[in-house]
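Subject: Structure handover

Hello,

The structure is below for you to look over. My notes on what was found in it follow.

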Amino acid sequence: MKEKIKKIKKIFQKIIYKKKISEKFFLKLKINKIKEWDSMQNMHFLLEIEKGFNIKFSFKEMNELNSINKIIKRI
C-alpha cells in the first residue's frame with residue numbers, strides 16, 4: 001500500500017503540484033482544493049496513472065475519481 005501511495009504521489013507531483021507535500025495532506029486532497037488541480041489536470045493525472053499502473057479507467061470512473069482517496073481505493 002505504501003509503495004502504491006508513493007507512486008501516485010510522484011505522478012501527482014509530476015503532473016499537477018510540483019511542490020513538496022506531506023503524505024497526510026496528500027491523502028486528503030480532492031480536485032479543486034488546490035488551484036493547480038482542475039478537471040483538465042485531473043484527466044492528465046489519471047492518464048499518467050493508467051500508464052504507471054498498467055490499468056484502464058472507464059469514462060464514468062474518470063468522472064468519479066476526484067480525490068486521492070478514491071484513486072487509491074480504485075487501484
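Asparagine 54 sits in the loop between α3 and α4 (59-64); helices here are DSSP runs of H or I with at least four residues, strands are E runs of at least two, and both are numbered from the N terminus. Asparagine 54 is not a glycine, yet has a positive phi of about 55°. With 72% relative accessibility, asparagine 54 counts as exposed (exposed means over 50% relative accessible area, buried under 20%, partly exposed in between, with a 1.4 Å probe and protein chains only).

Before the rest, the basis: this is a predicted model, in which local features need pLDDT of at least 70 and side-chain atom pairs count only at pLDDT 80 or more, while totals for chains, interfaces and linings use all residues. Residues are numbered from 1 along each chain as its sequence is written, and side-chain values use heavy atoms, with hydrogens and water left out.

Asparagine 32 also has a positive phi, of about 70°, and is not a glycine either. Its place is the loop between α2 (23-28) and α3. Asparagine 32 counts as exposed because its relative accessibility is 56%. For context, most residues other than glycine have a negative phi.

Glutamate 50 belongs to helix α3 (residues 39-53). Its relative accessibility is 7%, so glutamate 50 counts as buried. A polar atom of the glutamate 50 side chain lies 2.7 Å from the backbone nitrogen of phenylalanine 57. Neighbours within four places in sequence aside, glutamate 50 is in contact (heavy atoms within 4.5 Å) with Ile55, Lys56, Phe57 and Met62.

As for the whole protein, there are 5 helices and 0 strands. The radius of gyration is 11 Å, close to the 11 Å that the globule rule gives for 75 residues, so the protein is as compact as a globular protein of that length; the radius is taken over C-alpha atoms, and the rule is 2.2 Å times the number of residues to the power 0.38. Along the principal axes, the C-alpha atoms fill a box of roughly 30 × 25 × 20 Å. Of the 75 residues, 40% are buried. Among contacts with a separation of 6 or more, 43% are between residues 24 or more positions apart.

The protein carries 21 positive and 8 negative charges, with mean positions 5 Å apart. Lys and Arg count as positive and Asp and Glu as negative, leaving out His and the chain ends; each charge is placed at NZ of Lys, CZ of Arg, CG of Asp or CD of Glu.

Regards

Definitions and conventions:
A polar contact is a pair of N or O atoms within 3.5 Å; within protein, one must be able to donate a hydrogen and the other to accept it, and residues adjacent in sequence count only if both atoms are side-chain atoms.
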